[in-house]
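Subject: Structure for you to look through

Dear colleague,

Here is the structure I promised to pass on to you. Please open it beside this message, so that you can follow each point as you read.

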Amino acid sequence: MSFTIERVKTWIPGLDELLNGGIPKRNVVIITGGPGTGKTILSQHFLYNGLVRGEASVYVSLEEHPVQVRRAMATFGWDVKKFEEEGKFAIVDAFTSGIGEAAKREKYVVKSVDDVGELIDVIRMAIKETNAQRVVIDSVSTLYMTKPAIARNTVMQLKRILSGLGTTSFLISQVSVTERGFGGPGVEHAADGIIRLDLDEYDGQLLRSIIVWKMRGTAHDMRRHPFDITDKGIIIYHDKVFKSHVM
Ligand SMILES: Nc1ncnc2c1ncn2[C@@H]1O[C@H](COP(=O)(O)OP(=O)(O)OP(=O)(O)O)[C@@H](O)[C@H]1O
């Protein structure tokens, strides 16, 4: 019996080329890297590329106000308001705890992020109501920053719901500038994939690079590649190899 795997294209220039055509459907992928490496922009680009091709999506915001998220996406020409109005895109507000005027207008609000059960219930509702195929959680680190012991369990609970409902998801994991890991052993092993973004200072200039560290269910490129952030989002130079990374 031949078994072809269903892939979800990111449509991010250069990324599907590194993934043998796309991310295996239902994979939970950690997007990791230090501050300012482009994790949020890459993840929002992934969602928007789905939206314009008819795939609904959910963005779970733990670090930014939903108003800021819409505004930041619009600077790349990614106007999500139209998709929200059509019920194809939802922002889960896990930032404001439901406090403030703007927060009252949000449909999906998580009051306490310390309660993973509540978070999961709201995410489940948002996925079901939008029929989301793609989900981003920005960031999962916020959920266990002060409680590393619960990291693996938190990620496993999220994985069950995200994969169980058929979505392909990006979980953003923050690491410090010098950290070699991807967010702790619990998280790294629980995830189906790890994509690492880096910024290195070289000859007085910061350079961006990306490497696919792990992707269950597919062969993938094993080299580090340079990438840029432009006013249209991420561009990965998949035909160039980045050699200056300092480990
Ligand atoms: N329009 C733009 N054109 C080029 N580069 C940009 C643009 N907007 C933002 N950037 C770059 O992207 C960086 C922010 O990227 P992003 O928010 O995705 O990082 P992050 O990895 O999520 O960071 P953090 O973990 O600190 O939240 C900025 O520091 C800047 O260098």
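This is a predicted model: local features need pLDDT of at least 70, side-chain atom pairs count only at pLDDT 80 or more; totals for chains, interfaces and linings use all residues.

Leaving aside its neighbours within four places in sequence, which residues is Thr142 in contact with? The contacts of Thr142, once those close neighbours are set aside, are Leu62, Glu63 and Val113. Thr142 itself sits in helix H7, which covers residues 141-144, and it counts as partly exposed because 17 C-beta neighbours lie inside 10 Å, whereas a buried residue would need 20 or more.

The mean pLDDT of the protein chain is 94, with 98% of its residues at 70 or more, and for the complex the predictor gives an ipTM of 0.98 together with a pTM of 0.97.

Now to the ligand. There are 13 residues around the ligand, and those that come nearest are Pro35, Gly36, Lys39, Thr40 and Ile229. Two elements, helix H2 (39-51) and strand E11 (225-230), each give two or more residues to this shell, and H2 gives the most, with 3 residues.

Gly36 lies in the loop between strand E3 (28-33) and H2, and it counts as partly exposed because it has 13 C-beta neighbours inside 10 Å. Thr40, by contrast, is found in helix H2 itself, and it is buried, because 21 other C-beta atoms lie within 10 Å and the cut-off is 20 or more. Not counting residues up to four places away in sequence, Thr40 touches Asp138 and Ile172.

Is helix H2 as a whole enclosed or open to the outside? Since 13 of the 13 residues of H2 are buried, the helix is largely enclosed by the rest of the structure. Its length can be checked as well: at 1.5 Å a residue, the 13 residues of H2 should span 18 Å, and the end C-alpha atoms are 19 Å apart, which agrees.

Asp138, which Thr40 touches, also takes part in a feature of the backbone, for a cis peptide bond with omega of about -5° joins Asp138 and Ser139. Ser139 is found in the loop between strand E7 (134-138) and H7, the helix that holds Thr142.

Finally, please look at two backbone angles. Asn20 has a phi near 60°, a positive value in a residue other than glycine, and Asn131, although not a glycine, likewise has a positive phi of about 60°. Asn20 lies in the loop between helix H1 (15-18) and strand E2 (23-24), while Asn131 lies in the loop between helix H6 (116-130) and E7. Asn20 is partly exposed, with 17 other C-beta atoms within 10 Å, and Asn131 counts as partly exposed with 14 C-beta neighbours inside 10 Å.

With best wishes

Notes:
Residues are numbered from 1 along each chain as its sequence is written. A residue is near a molecule or strand if its C-beta atom, placed from the backbone, lies within 6 Å of it. Helices (H or I, at least four residues) and strands (E, at least two) are DSSP runs, numbered from the N terminus. pLDDT is the predictor's confidence in each residue, from 0 to 100. The expected span of a helix is 1.5 Å times one less than its number of residues. A residue is buried if 20 or more other C-beta atoms lie within 10 Å of its own, exposed if 12 or fewer, and partly exposed in between; C-beta atoms are placed from the backbone. Two residues are in contact if their C-beta atoms, placed from the backbone, lie within 7 Å.
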